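I opened this notebook to keep track of what I looked up, one part at a time. The structure goes in first, and my entries come after it.

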Amino acid sequence: MSKKNIVITHGYSDSNKGDLAITQATVDGLKEFYPNARITLLSTFREKDSHFWHHNRKMKTNDIKIIQGILPTPYIGGETSIMVNAIAAIRLCKDYFQLLISKYGIIGKIFGGRQYKAYSLLKSADLVIVKGGQFIFNDKEDLRGNLFLWRTLQPISVAYKLGKQIVVLGQSIGSFASRKSEKYAMKYIALCNQVVVREELSLKLLNKYRLKNITLVPDCAFFIEKKDVHIDLSITKEKEILGVTVVNWTFPENKNPKNAKEKYIHNLVLSIEIAFKKFNLFPVFVPQVTVKHHGKSDLDLIYLVQKKLNIKGVNSLVLKDDFNANEMVGVYAKCKMLIGTRLHSCILAANAGTPIIAIRYQGFKTQGVMKMLGFENFVHDINHLKSKELTKNIEAILINDTEIRLQLKRKVKQFREELNEMFRNLG
């Protein structure tokens, strides 16, 4: 099938370097095998948002079209309040109404607004790509969690009703707050022509529902290659670098979120202190996600951890540069190892051949990807993080550094071959 128009849904923010890596890799793969295709990225942000193009500052250099998606996030800005929530609810209802009338020709064109524009692009598409990450999930069975899941699944519903070829590409599916939500999501996923998941736990979940045309392929971000970057590392005084990424997590799985977060911070700080004082590793924090969620970002937690390290006499560095996906690989290449809570910091570090200690925080994705790499014993749960176990992994990496790097290079090479094959036979 000749693919002239390709629409990619669920474009997120370039301030989330993991999502940027997935989106960039998806576009790169499509362009390599369908060089004449017109590619449109549907953003989850609203074009009226003053930060719309900031969220797309890297992807807009790719000679693709970027517009607001059919049901973008109803929020503008990072803060929430009763008034902001009420406005968001009204905004979502308005968007949905405009989406419903968009299919009615001239009426939709007049009254459909930006929903009509997105709907029209889906209508003209030869292929609809529901690109990866992990956003087909809900962590709470409440109004907010269920609305998020419903809104996330609507591009699949619209594309299906338009008779389009739909490929879910590089996803982790789940987890879900209830069996009801799980079954609800499966009904939509069953509408797709092809579902490509990125780790075995998602594959197992979909096989439980006997869905067809399910394949397992490594995360698309393994497609991202290294670009060398210059970073002023004079503060490290030529010590080897311990890369660190954190997540400003809300701990929805934990009965005592505040206590769980304090334990995460405490054990992370203690592990970094031991790495600095015992193993002579200098901590460099890499802000993997700086987009704000309800007024907070990972940078807030990075600065808190840095402050606690300073009190303990541990110097550290926070990188401030706005890197693209390929440059992020170059950043991680400078590290002796990475303690990564953000999954795609681990993937991009693997692309650089840098050993990884991963901290899982949501769903299946982290342990699934690390198992595919062959390092499932280097995964820790954010809800039960222990400095003693982290330190054991640091020691193991220092002892087996050469062997680990060779294994990572072999695996990443294999993954890229699998991704090439997947893009070649897409749909």
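This is a predicted model: local features need pLDDT of at least 70, side-chain atom pairs count only at pLDDT 80 or more; totals for chains, interfaces and linings use all residues.

Residues are numbered from 1 along each chain as its sequence is written, and side-chain values use heavy atoms, with hydrogens and water left out.

Entry one, H9 and H10. I looked up helix H9 (residues 257-277) and helix H10 (residues 298-311), and found that their axes come within 10 Å and cross at roughly 50 degrees. Helices here are DSSP runs of H or I with at least four residues, and strands are runs of E with at least two, numbered from the N terminus; axes are lines fitted to C-alpha atoms, for helices over the stretch in contact, and angles run from 0 to 180 degrees between N-to-C directions. H9 and H10 are therefore oblique to each other, given that angles under 35 degrees count as roughly parallel, over 145 as roughly antiparallel, 65 to 115 as roughly perpendicular and the rest as oblique. I then listed the contacts (heavy atoms within 4.5 Å): Lys261, Tyr264, Ile265, Val269, Ile272 and Glu273 in H9 meet Leu301, Leu304, Val305, Lys308 and Leu309 in H10. Sorted by class, this contact has eight nonpolar, no polar and three charged residues, where Ala, Val, Leu, Ile, Met, Phe, Trp, Tyr, Cys and Pro count as nonpolar, Asp, Glu, Lys and Arg as charged, and the others, Gly among them, as polar.

Entry two, H3 and H6. Here I found helix H3 (residues 82-101) packing with helix H6 (residues 143-161) at an angle of about 20 degrees, their axes being 13 Å apart. That makes H3 roughly parallel to H6. From H3, Asn85, Leu92, Tyr96 and Leu99 meet Arg144, Leu147, Trp150, Arg151 and Val158 of H6, and by class the contact of H3 with H6 has six nonpolar, one polar and two charged residues.

I asked how many residues of H11 (residues 325-332) are buried. Seven of its eight residues are, so H11 is largely enclosed by the rest of the structure; buried means under 20% relative accessible area, exposed over 50% and partly exposed in between, with a 1.4 Å probe and protein chains only. The buried residues of H11 pack against helix H1 (17-33), strand S8 (240-245), strand S11 (337-340) and helix H12 (343-351). I also checked helix H13 (residues 365-373), which is mostly covered, with seven of its nine residues buried, and noted that Gly374, which follows H13, has a positive phi near 90 degrees.

Asn248 lies in the loop between S8 and H9 and counts as buried at 16% relative accessibility. Its side chain reaches the backbone oxygen of Ser297 at 3.0 Å. Leaving aside neighbours within four places in sequence, Asn248 is in contact with Lys261, Lys296, Ser297, Asp298, Asp300 and Leu301. Ser387, placed in helix H14 (residues 387-399), is buried with a relative accessible area of 4%, and I found that Ser387 touches Asn267, Leu270, Ser271 and Ile274, not counting residues up to four places away in sequence.

Conventions
A polar contact is a pair of N or O atoms within 3.5 Å; within protein, one must be able to donate a hydrogen and the other to accept it, and residues adjacent in sequence count only if both atoms are side-chain atoms.
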